[in-house]
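I am opening a notebook on this structure and will write down what I looked up, entry by entry.

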Amino acid sequence: MCAVRGLTKTYPAVRARRGAPAAPEVRATDEVELAVRRGEIFGLLGPNGAGKSTLVRQLTGLLRPDAGSVEILGHDIVRHPERAARILAYLGQESTALDELTVSLAAETTGRLRGLEVRQARAERDAVLDELGLTPIAGRPLKKLSGGQRRLACFAAALVGRRSLLVLDEPTTGMDPVARRAVWAAVDRRRAEDGTTVLLVTHNVIEAETVLDRVAVLDRGRVIACDTPAGLKERVADEVRVELVWRERAPLEVPEVAALRERALEAGRRWTLRLAPEEARAVVATVTGGAAFAALDDFTLATPSLEDVYLALGGAARQGLVKA
Amino acid sequence: MSVVPADVVPGGALAVEAAAPGAAELAPRARLWPSLTAVYRAQLSRARVARIPLLFVATFQSVGIMIMMRGVVDTRGEAQSVVAGSSVVVVAYVALNLLAQYFGQLRASGGLDHYATLPVPPAAVVLGAAGAYASFTVPGTLVTAVFGCVLFGLPLTNLWILVAVIPLAGAALAGLGAAFGLLAPRPELATLLGQLGMSAALLLGVLPPDRMPEIVRLARDLLPSTYGVEAYARTFGGHPDWAFVAADLGVCAGVGVVSLAVAAWAYRRAAVR
């Protein structure tokens, strides 16, 4: 369906100017290899700055790679970037082109620019707005909507005029659970009916685990792993994640707690530890008794998530992924 | 949340691997006219949300200029220049300045990606937006022209010439505005170019040319809005020379064609980086 080989893009170094500091050369995607199969929901997971959006922009023909090839449904997108628009629908992170239009006109216009006749564009617009529960706000300009509603309206525009590949760059940002469910239900319906393939960019671990068939984990422009979410989690199956939240500060006067500190990832009052199961049991026993317990606000013990996989694989950003 | 395994999906992974490899059929392109109409209609609807900057500011500005010039101007010829110039400044403000800003911001914010990932001809996006911005100038230009004629006691008989002046001057200036917005490497530069163009149209268009030094008059001749002003100003006389009016409007049309072509090229260049 979509094959990516040796895709490399380097942003040149920027010299310092007044008001703008110098930036070194950045390799945004580094020899990326991917193979997305037809009908699957394939995810790109990574923290901000990992190169996800740069990769997606190269797949959609918006950015020319320095080297490598992109083939979608047999078409060479590097050589013919204009063909991408006839194969895929892209939901980018920006809505500025649609902001001052009403939800209804944004969807209809996008459909017409995807080559639909007026009647067909209107019929598809009505169906999609209805499907996503946007009909009551169809007459309102995107600019006047909340962030999540605006995102949903842009998603609606991406669905008008069917395409066999949907490329969605963080589609559910800012959405409430109802809107998220509407998005995934709409994606699932298209997959079941038309065999639509979805390439999803996300930094949300929970979303990645629940929605994706396969996921490529990106870190500093490189794919550091690619498997099903369950397959990836198996790699760290021998570990347990312990989260400790202290009331005010960690009781470092307790020697066991002081010894744990160097293994913990600290974020304010929260410590995160990845431990072998028997170690975790010992830690829980320590913090739930004696002096440490008095200082403890909350603790959780959980099986590993994709975030743990990312960290175990040597991901550089210590806290770049979202769990919500 | 996905309940459909990839393997059972129609034409899913297994099915495709069994099939002979070959390039899939592409969805059709959007044709020029329907997509131009769609862009034009969408852009026009923006006036509902951004009514004040798109429709009113330019009119107030031009009406203010005419009131200010009322005390300075004493001959009929000068009054004609002021009224014609102020009317065309509305076109320059909206079609040149605001369109340059719009495309500059769209390009900088990544908004062009939306159009670039749709199979739409570049000319449709540029012409649709330019046409809409030229249309935004219609009410302001008419109000300014009528108010000016009443204020300076000029005849309203040949006001119909605006039917030709607005679209042709609009095409020339909107083309320049779109080209500025799409070519400027940063949005601030697009805004600056738009502002400078508008200021030039204001200074060189509104002030009567006979008082200008030679070099300034040369600059005036290089500005496309001048020809819109001249064409309109000529029609105030008792027996206008229509050949000159047509020649002036022809210059506007020529600049319009060239600048819109440049803008369409600039769009294509800005869309794929």
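Entry one, a span in chain B. I looked up residues 159-182 of chain B in this predicted model, and found the chain there to be 88% helix and 0% strand, with end C-alpha atoms 34 Å apart. I then went to residues 49-69 of chain B, where the span is 95% helix and 0% strand and the end C-alpha atoms lie 33 Å apart. Both stretches come from an unreviewed UniProt entry, which places the feature "transmembrane region" at residues 49-69, 81-103, 124-153, 159-182 and 242-267 of chain B.

Entry two, a helix pair in chain B. I looked up how H2(B) lies against helix H6 (residues 122-152) of chain B, and noted that their axes come within 8 Å and cross at roughly 40 degrees. That angle makes H2(B) oblique to H6(B), and I recorded the crossing as right-handed. Among the residues that meet are Leu36(B), Val39(B) and Tyr40(B) in H2(B), and Leu127(B), Gly128(B) and Ala132(B) in H6(B). Sorted by class, this contact of H2(B) with H6(B) has 13 nonpolar, 5 polar and no charged residues.

I noted that the contact takes 42 residues from chain B and 46 residues from chain A. On the chain B side, helix H1 (13-18), helix H2 (32-49), helix H4 (76-109) and helix H5 (112-116) each supply at least two residues. Which helix gives the largest share of that side? I found that H2(B) does, with 7 residues. By class, the side of chain B that touches chain A has 27 nonpolar, 11 polar and 4 charged residues.

I traced 6 strands that form an open sheet with mixed pairing, in the order E6-E7-E8-E3-E9-E10 (chain A). Strand E6 (88-91) and strand E10 (222-227) of chain A each have a single partner strand, so one side of each is left without a neighbour in the sheet. Neighbouring strands are turned by 15 degrees against each other on average, direction ignored. I also noted that helix H1 (residues 52-59) of chain A packs on the sheet, touching E3, E7, E8 and E9 of chain A, and that its direction makes about 150 degrees with that of E7(A). Last, I checked strand E9 (residues 214-219) of chain A, which pairs with E10(A) in the antiparallel sense over 5 bridges, and Val215(A), which stands opposite Asp227(A) in E10(A).

Methods: Residues numbered from 1 in each chain as written. Chains lettered and ligands numbered in written order. Predicted model: local features only at pLDDT ≥ 70, side-chain atom pairs only at ≥ 80, totals over all residues. Contact = placed C-beta atoms within 7 Å. Helix = DSSP H or I, 4+ residues; strand = E, 2+ residues; numbered from the N terminus. Nonpolar A, V, L, I, M, F, W, Y, C, P; charged D, E, K, R; others polar. Pairing = 2+ DSSP bridges. Axes fitted to C-alpha atoms, helices over the stretch in contact; angles between N-to-C directions. UniProt positions renumbered as here; feature names shortened; annotations may be inferred. Parallel < 35°, antiparallel > 145°, perpendicular 65-115°, else oblique. Left-handed = near helix turned anticlockwise from the far one by under 90°.
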